[in-house]
Amino acid sequence: MDRGGITKKFHVALVGAAFEIAIVIGGIVIGGYVDRTKKYKRITLIALIASIIFLLPLGFTNHGYGKSPSFLIAGLIGLGFMVGPIQPINAELAVDVTYPGDETAVESIQQIGGNLVSALLVPLAERASRSDYNILPNVSILASDIRGDVVLLMILTLLTFFYYRGFNAPLRRTIADRNDDEVRESGVEMSLQGHNDDHEMGKLLLDNEVQPDAQAGHYNNEQQLRVI
């Protein structure tokens, strides 16, 4: 924040609030799309790549972009929008692939594991933040430094991306839900067909009852005419 010229507590609080709002909006928009399409893997991979892009302006130290408040805020908001939904999306994925396992147990294990890894990474990130790495030092326009903690996060994100690319598990709950929907649709069709068959049978019975009565009436009329 200091590098971007955002030093007042009120402005820092506003930026933090914007970051949190971006996480919520990202969860609603991206999470809602994934809930409809079940594209867990594809969206997660896109979000991981996007997070690397939005991390860059947060790590620049000497370049003009690193000192630009608008660029810094845009990076934070974009990062919140893309990274925020990753955890809930993959919590839902874990529940889907472990169906019919206990949803609470699955999500609890994931939450505990994520918090544990985050706690272990905090001292590493703090130590890495004391280091700067030169980027294109021979190109005056693009020459800059990038902080070590951002480099660490980018490396972890890339490792996660390549590891996650090999993920390929069946969505068991989605398959079960679709099978249930097909069974219900088949039941409705059979019910409608049975109703139509009953209607046709009733119509035939009614026609058979009406036809003899009509013939008898016609015969009686002929007999009366002959008598006359």
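## Close-up views of a predicted model

**Figure 1. What covers the buried residues of helix H6.** In this predicted model, the cover over the buried residues of H6 includes H2, H4, H5, strand E1 (132-135) and strand E2 (144-147). Which residues of H6 are buried? They are Gly148, Asp149, Val150, Met154, Thr157, Phe161 and Tyr164. An α-helix has 3.6 residues a turn, so residues three or four places apart point the same way.

**Figure 2. The span of helix H6.** H6 has 18 residues. At 1.5 Å a residue, H6 should span 26 Å.

**Figure 3. The largest pocket.** Its volume is about 1,200 Å³. The lining has 33 residues, and those closest to the pocket centre are Leu48, Ile86, Gln87, Gly114 and Thr160.

**Figure 4. The make-up of the pocket lining.** Which helix gives the largest share of the lining of the largest pocket? H5 does, with nine residues. By type, the lining of this pocket holds 18 nonpolar and 15 polar residues. No charged residues are found there.

**Figure 5. Thr174 in helix H7.** Helix H7 covers residues 172-227, and Thr174 lies in it. Is Thr174 buried or exposed? Thr174 is buried, because its relative accessible area is 8%, and buried means under 20%. Beyond its neighbours within four places in sequence, Thr174 is in contact with Lys38 and Asp96.

Conventions
Residues are numbered from 1 along each chain as its sequence is written. This is a predicted model: local features need pLDDT of at least 70, side-chain atom pairs count only at pLDDT 80 or more; totals for chains, interfaces and linings use all residues. Side-chain values use heavy atoms; hydrogens and water are left out. On a 1 Å grid over the protein atoms alone, a cavity is a set of points where a 1.4 Å probe fits but cannot get out, and a pocket is an open set with protein on both sides within 12 Å along at least five of seven lines; lining residues have an atom within 4 Å of a point. Grid points are joined across faces, edges and corners, and a volume is the space filled by probe spheres set on the points. Helices (H or I, at least four residues) and strands (E, at least two) are DSSP runs, numbered from the N terminus. Ala, Val, Leu, Ile, Met, Phe, Trp, Tyr, Cys and Pro count as nonpolar, Asp, Glu, Lys and Arg as charged, and the others, Gly among them, as polar. The expected span of a helix is 1.5 Å times one less than its number of residues. Buried means under 20% relative accessible area, exposed over 50%, partly exposed in between (1.4 Å probe, protein chains only). Contact means heavy atoms within 4.5 Å.
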